[in-house]
Amino acid sequence: MDFSSGPPGGKMDSASKEQLMSQVKQQIALANAQELLQKMSEKCYKKCISKPGTTLDNSEQKCIAMCMDRYMDTWNLVSRVYGQRLQRESSRMS
């Protein structure tokens, strides 16, 4: 999709800008969720699965669950701290 030229006439009204920003934010959120799931799966698989097979034994299931919980907690913490830092930085620039 090419948004560089904007709508006919060259100007976007505020509703169009808001709609575009909303769509971009949704796409970014989806990309972040996909990246989180992919990285979490990779890391936890490497850590917990020593002999790949058709089923997971109890210890592998527990390891995967704990690994994913820790990964999510860490992701949330880093995201929260990063967001706070961005807010501090933007308020300093204002």
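A nonpolar core here is a set of buried Ala, Val, Leu, Ile, Met, Phe, Trp, Tyr and Cys residues joined through side-chain atoms within 4.5 Å; buried means under 20% relative accessible area, exposed over 50%, and partly exposed in between, with a 1.4 Å probe and protein chains only. Before you start clicking: this is a predicted model, where local features need pLDDT of at least 70 and side-chain atom pairs count only at pLDDT 80 or more, while totals for chains, interfaces and linings use all residues. Residues are numbered from 1 along each chain as its sequence is written, and side-chain values use heavy atoms, leaving out hydrogens and water.

**Stop one: the whole chain.** Switch to cartoon and you get 2 helices and 0 strands. Both kinds of element are DSSP runs numbered from the N terminus (helices: H or I, at least four residues; strands: E, at least two). Now put a surface on: the accessible area is about 8,200 Å², with 56% of that on carbon and sulfur atoms (Shrake-Rupley, 1.4 Å probe; for residues, only the protein chains shown count as cover). Of the 94 residues, 10% count as buried.

**Stop two: the core.** Select Met40, Cys44, Cys48, Ile49, Ile64 and Cys67, the 6 residues of the largest nonpolar core. The biggest giver is α1, with 3 residues.

Next, center on Ile64. Skip its neighbours within four places in sequence, and Ile64 is in contact (heavy atoms within 4.5 Å) with Cys44, Tyr45, Cys48 and Ile49.

**Stop three: the sulfurs.** How many disulfides does a search of the whole structure find? There are 2, taking a disulfide as a pair of cysteine sulfur atoms within 2.5 Å.

Pick Cys44 and Cys67: their sulfur atoms sit 2.0 Å apart in a disulfide. The pair ties together parts 23 residues apart in sequence, since Cys44 lies in helix α1 and Cys67 in helix α2. The S-S torsion is about -85°, so this disulfide is left-handed. Cys44 is buried at 1% relative accessibility, and Cys67 is buried at 7%.

Then pick Cys48 and Cys63, another disulfide with sulfur atoms 2.0 Å apart. Here Cys48 lies in helix α1 and Cys63 in helix α2, so the link joins parts 15 residues apart in sequence. With a torsion of about -70°, this disulfide is left-handed too. Cys48 is buried, at 8% relative accessible area.

**Last stop: the pattern.** Number the bonded cysteines in sequence order and the pairing reads 1-4, 2-3.
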